Amino acid sequence: MPLLLPSSPPIHSFPATPQLDFRSKPPPPRLITRSTRRLDVDAFTQKSGYLFELTASEAESLTDYSPSRIAAIYRRKPLILLRRLIQIGTTFGTWFGVRYIDSLMERSDQMFKVRAAELRKILVELGPAYIKIAQAISSRPDLIPPSYLDELSLLQDQITPFSTEVAFDTIEKELGLPIDELFSEISPEPVAAASLGQVYQARLRHSGQVVAVKVQRPGVQAAISLDILILRVLAGVVKKAGKFNTDLQAVVDEWASSLVREMDYRKEANNGLKFRRLYGGIKDVFVPNMYMEHTTRRVLVMEWVEGQKLSEVEDLYLVEVGVYCSFNQLLENGFYHADPHPGNLFRTYDGKLAYIDFGMMGEFKQEFRDGFIEACLHLVNRDFDALSKDFVTLGLLPPTVEKEAVTKALTGVFRDAVAKGVQNISFGDLLGNLGTTMYKFKFRIPSYFSLVIRSLAVLEGIAISSDPNYKVLGSTYPWIAKKVLSDSSPQLKSSLQALLYKDGVFRIDRLESLLTESLRARTERALVKKQREEANSRVVFKEILSFTLTEKGTFVRDIIIEELAKGLDALGLATLDSLTSVATTSIPFTASSSFSLMTKEDMMNLRTLRRLMFLLSGFESDEKPFKEVNRVMSPNNNQRSYIEEEASLFSYQPASVSEILTVLSIIPELPPELQQRLLRLPADLAGRLISRASARTIQRIFL
């Protein structure tokens, strides 16, 4: 039965796969019969088709990644292995040779675009493994020259398709039914093609649902397996020759394992369903549905999506949505999209961010997620000693490394990068600056870490195409700060405690930084447009108060109440000292005394109280960073004068009574349960204050 190309929706709308170029014109509608199906030979098949032939048992043994099984197969095929080595060597050797001749003849600039196009062509001829590597590189516009970037970007969705005759035969063989019984309509030509497969638009006969049908290229399994074997051997040679501490073969294995899983469309469909379950509910994120009943190892049927590539539209709001979704993937659930090149992220016509192509996914274990969060915290707060320990936890450094030397090196590498502020830290710059230190201290790159780093680097690369000043770490850190402040994980609570206290001294500046950054963790469209505007005091106070009164804010609330109790206790002592001083000076013939009930800790608590009052009221403090207590207590300074100065700081008043009323008006806006919790806070604070005063009194009487 002939099949008619669907007229609605139009062919130029794209399916839920990374391969579609939405700009391409659809072929005119026409009848499809087997006699009219075109038998094409694409460049990959023409140049590398000798790789395709595997026996049924050999192909079945490669459904899961196993270096030993791949090696066993090609030990029996030495001529194919030799031919592939010669092909790769001569292909790249010729290209590099021509580039060298260009440099000798001083025509490199004139031939730049030509050589870039030639490189893209030879990558297509060599096949999917090299295309996948190029796709990852093409997502870094800050690292790749524009001419090469333009050419390599075509590898994301503009690869010559293989024969439609072969594709339709594959569909029928895999699904076990004639194609006209499966679909009432299907496009006569693929609407898009990529490294592993190509896509047709179709309409399911039983439901009328418009779907994307992805069909795997013939021969990719054999080609990728052999190329992985070659890359793995080369990785071992390079590791030994360069004396790298990183297990380069393990890095290849991690990438190869993901690539082999990507070739099984059943696994991709299950990944898509899991991704949809975990992240499909995020505001303005769309994840297409999978049709498992029509999916096999080599054929995948999924929901059709219409829109544009995110990299080709300027929508910074959706970039922020992508950052938030990536945060959830990497640091909340640990199940993340490991191949987020521009062809896999779209802006739908109703303004949502669509994720597609779920073949290459990664798993980020809980202990590594917590370690990654801690490393980000310590980096931003310039705690390089703790950062060196984080690198050991993450497996980047061996436990036996000399941590003091590493700390000194990391300080030199990161000090200037973080001095600009968290919002200006470039992920790419951090990696670039770290290169020499990694070599000197023999950093190891754990296999899991390579995919995580690639995912983050690619995300920043996509964003840079819309905003050259975009920093993925700066946009992710607010979510990290919010998680650290609210997470129930014992490890993160311990990290927060260590971050906020040093030698028993509360570092209020770090709490201020975390709370301020956490307030930027938002994706609402209206707020993202104003993300660089300063929030007014009412908004700040309401958000801080709301957070600290929730269950998630319990840990931070306890810290704040404890520090308030310390500060009020110190304020009482300072007031008592001031009254004693006034009384002493008013009595005739009495010498003034410099004796004080205050200790250095009390004076620090008094200063912390002042900053807490500013923080919680939402007003900016004009105070400079902490004064050194030792300087304050030196013989050249009058201790009582300092105490009186600190006590007088609390004569601060807001600019007007209306501001006080504005802040107080927030309380009725809180949910009833938060209002009840707020009413219980004074009693809790009073109890801690009495307990502290009693303990101090007893200590001073008996000790």
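This is a predicted model: local features need pLDDT of at least 70, side-chain atom pairs count only at pLDDT 80 or more; totals for chains, interfaces and linings use all residues.
With its 15 residues α14 should span 21 Å, and because its end C-alpha atoms are 21 Å apart, the expectation and the model agree.

**The chain as a whole**
- The protein chain contains 29 helices and 15 strands, and buried residues make up 53% of its 703 residues.
- The chain exposes about 32,600 Å², of which carbon and sulfur atoms supply 57%.

- Helix α14 is mostly covered, with 13 of its 15 residues buried.
- The axes of α13 and α14 come within 8 Å and cross at roughly 115°; L330, L331, E332 and N333 of α13 make the contact with R369, F372 and I373 of α14.
- The residues of this contact divide into 4 nonpolar, 1 polar and 2 charged.
- R382, which lies in the loop between α14 and α15 (384-393), has a positive phi near 60° although it is a residue other than glycine.
- R382 is partly exposed, its relative accessible area being 46%.

- Four strands form an open sheet in the order β7-β12-β11-β9, with mixed pairing.
- β7 (285-286) and β9 (307-309) stand at the edges with a single partner strand each, so one side of each is left without a neighbour in the sheet.
- Helix α13 (residues 316-333) packs on this sheet, where it touches β7, β11 (345-348) and β12, and its direction makes about 40° with that of β12.
- The pairing of β7 with strand β12 (residues 353-355) is parallel and extends over 2 bridges, with V285 standing opposite L353 in β12.
- D284, in the loop between α12 (265-279) and β7, is a residue other than glycine with a positive phi, near 65°.
- D284 counts as buried because its relative accessible area is 15%, and buried means under 20%.

- In strand β6 (residues 210-216), 7 of the 7 residues are buried, so the strand is largely enclosed by the rest of the structure.
- In a regular strand the side chains alternate between the two faces of the sheet.
- Strand β5 (residues 197-204) pairs with β6 in the antiparallel sense over 7 bridges, and G197 has Q216 in β6 as its bridge partner.
- β5 and β6 form a hairpin with 5 residues between them, and G208 in the turn has a positive phi of about 80°.
- Strand β8 (residues 299-303) is joined to β6 by 5 bridges, the two strands running antiparallel, and V301 in β8 is the bridge partner of V213.

Terms used:
Residues are numbered from 1 along each chain as its sequence is written. Side-chain values use heavy atoms; hydrogens and water are left out. Buried means under 20% relative accessible area, exposed over 50%, partly exposed in between (1.4 Å probe, protein chains only). Accessible areas come from the Shrake-Rupley method with a 1.4 Å probe; for residues, only the protein chains shown count as cover. The expected span of a helix is 1.5 Å times one less than its number of residues. Two strands pair if DSSP finds at least two bridges between them. Contact means heavy atoms within 4.5 Å. Axes are lines fitted to C-alpha atoms, for helices over the stretch in contact, and angles run from 0 to 180 degrees between N-to-C directions. Ala, Val, Leu, Ile, Met, Phe, Trp, Tyr, Cys and Pro count as nonpolar, Asp, Glu, Lys and Arg as charged, and the others, Gly among them, as polar.
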